[in-house]
Structures are given as C-alpha cells and as structure tokens.
Amino acid sequence: MSVKKLIGQRFDRLVVIDEYKKDKWAMCRCRCDCGTVKDIRRYSLLSGNTTSCGCIRRGDLTGRRFGRLIALEYAGQQGRKTLWRCRCDCGKEVIVQRASLISGNTKSCGCAVDPSKMLADCIDGTRLGAIRHHHRSDNTSGVTGVSWNKRRSKWEAYIRFQGKQIHLGLYDKIEDAAKARARAEEDYFQKFLQEHEKPEA
C-alpha cells in the first residue's frame with residue numbers, strides 16, 4: 001500500500017518540500033515560516049509533536065511588557081533578526097525587533113517620543129537619513145517590511161512612514177509581499193526625498 005505524499009502540505013509553521021528515507025525512518029525536509037529548512041521525522045509532523053524548526057521556543061516574549069508595549073506574538077524573521085508583533089498602550093500594533101525590546105531601545109509605537117529628542121533630519125516623524133539608506137534583504141529568510149501573519153496564514157507587507165505603520169496587504173507568496181513593499185518604498189520614500197532633500201551643490 002502506497003503512503004500518501006506530504007510534499008506541499010502545511011503542518012502549523014512547517015511546509016514539506018521533500019521526502020526521503022534515512023535508515024528506518026521516513027523523513028520530511030521542511031521549510032519553516034521563519035525561512036529555516038530542517039529535516040524532521042514524518043511521524044513527528046503527523047502526530048503534531050513538531051510544529052516549527054524550533055524558532056518559536058527561542059525566547060518566547062508573549063505577554064511580556066516592554067515600556068508601553070506588550071508582546072503579542074512572534075512575527076517572523078528579518079534576516080537574522082527576530083520580529084515580534086506588539087500592542088502599544090495607545091492601542092496601535094507595531095512590528096518590533098526582539099533585540100530592541102530586550103535592550104529597551106524601543107518602548108512604544110512612537111507615540112511617546114520626546115519632540116526635544118528628535119534628530120535634525122527628522123521631518124514629520126520621518127528621518128531622511130533612515131529612508132535614504134534603508135536596508136532591504138530580499139531572500140527567503142526575510143524581507144524588510146514583510147512578516148508572516150500567523151492568524152491569517154499569509155505574508156503581510158507593511159511600511160513605516162511619518163510615525164505610522166501602513167498595512168500593504170496580505171499575500172500567499174513572500175515574493176508578492178516583497179513587491180508590494182518595494183512599490184510602497186517608491187511611493188512613500190522616493191517622493192518624500194524628492195520633496196524635502198536639498199539638491200547637492
């Protein structure tokens with residue numbers, strides 16, 4: 001009796017991309033939503049014992065408070081950086097790097113920023129230098145402004161501009177979410193720079 005193939009099937013955060021046998025074990029090569037590829041026993045997937053590559057177990061912040069922010073859920077990877085979806089006391093939800101929460105560098109969605117501490121190149125809540133040299137990492141392990149929405153099981157694209165996080169849509173493929181983010185960078189960042197940057201002498 002042939003065994004039903006699992007390739008393409010999802011098991012929580014894992015998607016099976018290949019199957020093979022190792023000694024007496026039936027194995028599945030899986031891609032986690034964080035981008036990691038890991039080999040897992042078929043039985044562990046089917047039984048529900050394994051639901052991720054292990055990224056969820058690494059430093060769970062769910063429910064913890066950081067200044068005005070409460071960590072709600074893991075929001076994916078941005079390269080090697082772990083992201084968390086947080087709710088601010090003002091009611092706004094934002095995506096924040098785990099390291100920024102732990103270090104105390106980020107304590108709110110931006111609503112608590114002291115105007116006297118705003119940098120000289122900051123206009124309407126947006127730093128010219130930050131968007132002029134913004135970093136994007138277009139690869140399967142993470143794209144700037146793109147994270148996995150666990151509740152919707154889709155890739156979510158967003159962009160932060162003038163102190164606000166703008167939702168750009170939900171997508172089945174990370175490539176489509178990355179394209180939406182790239183279009184938003186042109187629409188928001190490039191136009192903003194053209195309006196506010198002084199031409200070089």
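A salt bridge is a side-chain nitrogen of Lys or Arg lying within 4 Å of a carboxyl oxygen of Asp or Glu. The model examined here is predicted, so to speak of local features a pLDDT of at least 70 is needed, side-chain atom pairs count only at pLDDT 80 or more, and totals for chains, interfaces and linings use all residues. Residues are numbered from 1 along each chain as its sequence is written, and side-chain values use heavy atoms, with hydrogens and water left out.

The structure contains seven salt bridges. Glu73, Arg85 and Glu156 are joined in a network of them. Arg85 belongs to strand E7 (residues 81-88) and Glu73 to strand E6 (residues 69-78), so their contact ties together parts 12 residues apart in sequence. Helices (H or I, at least four residues) and strands (E, at least two) are DSSP runs, numbered from the N terminus. Arg85 has 6% relative accessibility and therefore counts as buried; Glu73, at 13%, counts as buried too. Buried means under 20% relative accessible area, exposed over 50%, and partly exposed in between (1.4 Å probe, protein chains only).

Another salt bridge brings Glu19 to Arg42, the closest N and O atoms being 2.8 Å apart. This pair links distant parts of the chain, 23 residues apart: Glu19 sits in strand E2 (residues 14-22) and Arg42 in helix H1 (residues 42-47). Both Glu19 and Arg42 are buried.

What about a pair with Lys154? Lys154 forms a salt bridge with Asp172, with 2.4 Å between the closest N and O atoms. Lys154 is partly exposed at 26% relative accessibility, while Asp172 is exposed at 59%.
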